[in-house]
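I opened the model today and kept notes as I went. Here is what I looked up, in order.

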Amino acid sequence: MLLHVEDVRVAYGGIEALRGVSFDVDEGEIVTLLGANGAGKTTTLRTISGLLRPRAGTISFDGQRIDTVPAHMMVRLGIGHVPEGRRIFPRMSVRENLMMGAYHRGDDTEADADRVFELFPVLLERQGQDGGTLSGGEQQMLAIGRALMGRPRLLLLDEPSMGLAPMIVTRIFDIIREINQQGTTVLLVEQNAAQALRLATRGYVLETGEVVMSDDASKLLADDRIREAYLGEGAA
Amino acid sequence: MCFTQSFWALLVSGIENGSIYALVALGYTLVYGVLHLINFAHSEVFMSGAFGGLFVVDAVVGGPPSSGLSSAGLIALGTIAGAFFGAVAAFVLERVAYRPLRRRNAPPLAFLISAIGASFFLYNLAGKEFGTNPISVPQIYDEHPWFHLFGAPVLNTYVIIVVVALTMLVALDRVITRTRLGRGIRAVAQDAETASLLGVDIDRVIVTTFVLGGLLGGAGGFLYGMAINVSFNMGFIPGLKAFTAAVLGGIGNVRGAVVGGFLLGIVESLGVSCVSSSWQNTIAFSVLVVVLMFRPTGILGERLGRAA
Ligand SMILES: Nc1ncnc2c1ncn2[C@@H]1O[C@H](COP(=O)(O)OP(=O)(O)OP(=O)(O)O)[C@@H](O)[C@H]1O
Ligand SMILES: [Mg+2]
């Protein structure tokens, strides 16, 4: 087990956003976390990354407890996080945004940047341009590329399809598969359940801060409740 | 009539003052960039640098300067000592006056009050320890006009101050735009949370930013003290003017602070020729009011500042 989340509870002030969430991600998998708006998906990823602290429960990465580790140490442990809304540094060039991804190493970043440019050739053309001037799709690619610069073992992706045209979403999902095939484990948060389940090995469904379902992706894809609630198909 | 007499002399002294405002303004703008707070105690960082430089120079000089080289060495020594003591003051301020508030997520007003409290504490402490009379820095070089600009004498003091300031300004610009540390500072300024996801230790970046501002402000304090004198409350007016310069250039914008510093120095100096020299401060602070009223983002806008 690469990531083990057990009975995690997180609250904002008095309101509990995660009410005992448990799940696992194995090395090499793509696991997707599905759920409607406000289900607690972002909260889950931010807690794994150390931006939020669980009030109860444990999180382990590679057998080591990480639920008290500060956020800036996570990338050193091998956890990369592509946040919701991409969060590109708007007044840094594409190149500098990528360099930020390798900030903790501080060594030569050429080889890593070349790998990112291979995955996203458009970023090579835009190298000198300010991050804030990129299109939404390009920003998403930059956000993923920036996280890859940290050489993560586990990549957390928070709604990479948000606000993008279907064609771009397909490309991004193809690249996520490629990243996974190159050896990075992926935890993918999505509202776009159909595409996420086709990509993933397994899936978990969150509802108001609780895991209500978990199964192999193919089984979830065939499940009537999922089809009705998340794939926009009326009940048969 | 404005500018008719002594235009060049006023311009020269405006540039000299402006270079000090620029050095000090960077301290305000850097800290604002990463914390969105005005470090009103920065004027005491300036004062600390002046005293630090003064004491070190005092300890080293025995008699009058023997050669140009030893003068240059003493100026360099005083500037470095000023930078060092400024940095120490800024470091301590961050630890004592700000970090505890950040830990508790205190409201912005608490930071402002803490800054003003720290400022009062420091300059009263300096007044108590070192007396309230202005102290002259020993004559470490022989002041004389170096050359003439359209008839206006340009003192070597002016040249020294402007050259030292420009060197530091260029160095800082390099650090901010070209180095890993600079990228970390800009990343925290634009989006601190995302910076931390990428491995940036925000606390470390913040304290480093204070130290950088302290280096420049402390060096500026020594240069100012060398040209005029050193006293416990010397930071107040230059501090406010440097703050004005930072706002004029666009608070949070590093190059803006430099432009704002020089512009303010020149405007207040030339403005004096239209009225009288007793108006100099009034002119400078009128600039602040006008900028805040008509272009609160300053000339170059807020650039280090908030992420879009
Ligand atoms: N900073 C916050 N302060 C207070 N409540 C919050 C905060 N962030 C999230 N919440 C609440 O926590 C719950 C879970 O939010 P979260 O952002 O994790 O949902 P999500 O599944 O990512 O939703 P979406 O699909 O809309 O991004 C919601 O009820 C939300 O209102
Ligand atoms: Mg979300």
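Predicted model: local features only at pLDDT ≥ 70, side-chain atom pairs only at ≥ 80, totals over all residues.

**Chain B, overall**

A compact globule of 308 residues would come out near 19 Å, and chain B has 19 Å, so the two agree. I then took the spans of the C-alpha trace along its principal axes, which are about 55 × 45 × 35 Å for chain B.

Next I looked up burial. In chain B, 55% of the 308 residues count as buried. The accessible surface of chain B is about 13,100 Å². Carbon and sulfur atoms hold 67% of that surface.

Chain B has ten helices and two strands. Read from the N terminus, the order of elements is α-α-α-α-β-β-α-α-α-α-α-α. I also checked contacts in chain B between residues at least 6 apart in sequence. Of these, 79% join residues at least 24 apart.

**Salt bridges**

I counted salt bridges over all chains and got 25. I stayed in chain B for one of them. B:R99 pairs with B:E94, with the closest N and O atoms 3.2 Å apart. Are these two buried or exposed? Both B:R99 and B:E94 are buried. The pair belongs to a network of salt bridges with shared partners, made up of B:E94, B:R95, B:R99, B:R102, B:R103 and B:D203.

Then I moved to chain A. A:R153 and A:D62 form a salt bridge at 2.7 Å, N to O. The two residues are 91 apart in the chain. A:R153 sits in the loop between α6 (136–148) and β7 (154–158) of chain A. A:D62 sits in the loop between β4 (56–61) and β5 (64–65) of chain A. I looked up accessibility for both. A:R153 is partly exposed at 28%, and A:D62 is partly exposed at 44%.

I noted one more pair in chain A. A:D223 bridges to A:R225, with the closest N and O atoms 3.3 Å apart. A:R225 is exposed, at 57% relative accessible area.

**The magnesium ion**

Which protein atoms are donors to the magnesium ion (ligand 2)? I found A:T42 (OG1) and A:E84 (OE), lying 1.9 to 2.1 Å from the ion. A:T42 lies in helix α1 (residues 41–48) of chain A, and A:E84 in the loop between β6 (79–82) and α3 (94–101), so the pair ties together parts 42 residues apart in sequence. Last, I checked A:E84 for accessibility. A:E84 counts as partly exposed, at 32%.

Key. Residues numbered from 1 in each chain as written. Chains lettered and ligands numbered in written order. Heavy atoms only, no water. Donors = N, O, S within 2.8 Å, 3.2 Å for Na, K, Ca; no water. Helix = DSSP H or I, 4+ residues; strand = E, 2+ residues; numbered from the N terminus. Buried < 20%, exposed > 50% of the residue type's maximum accessible area, 1.4 Å probe, protein only. Salt bridge = Lys/Arg side-chain N within 4 Å of Asp/Glu carboxyl O. Rg over C-alpha atoms; globule rule 2.2 N^0.38 Å. Contact = heavy atoms within 4.5 Å. Areas by Shrake-Rupley, 256 points an atom, 1.4 Å probe, with all protein chains shown as cover.
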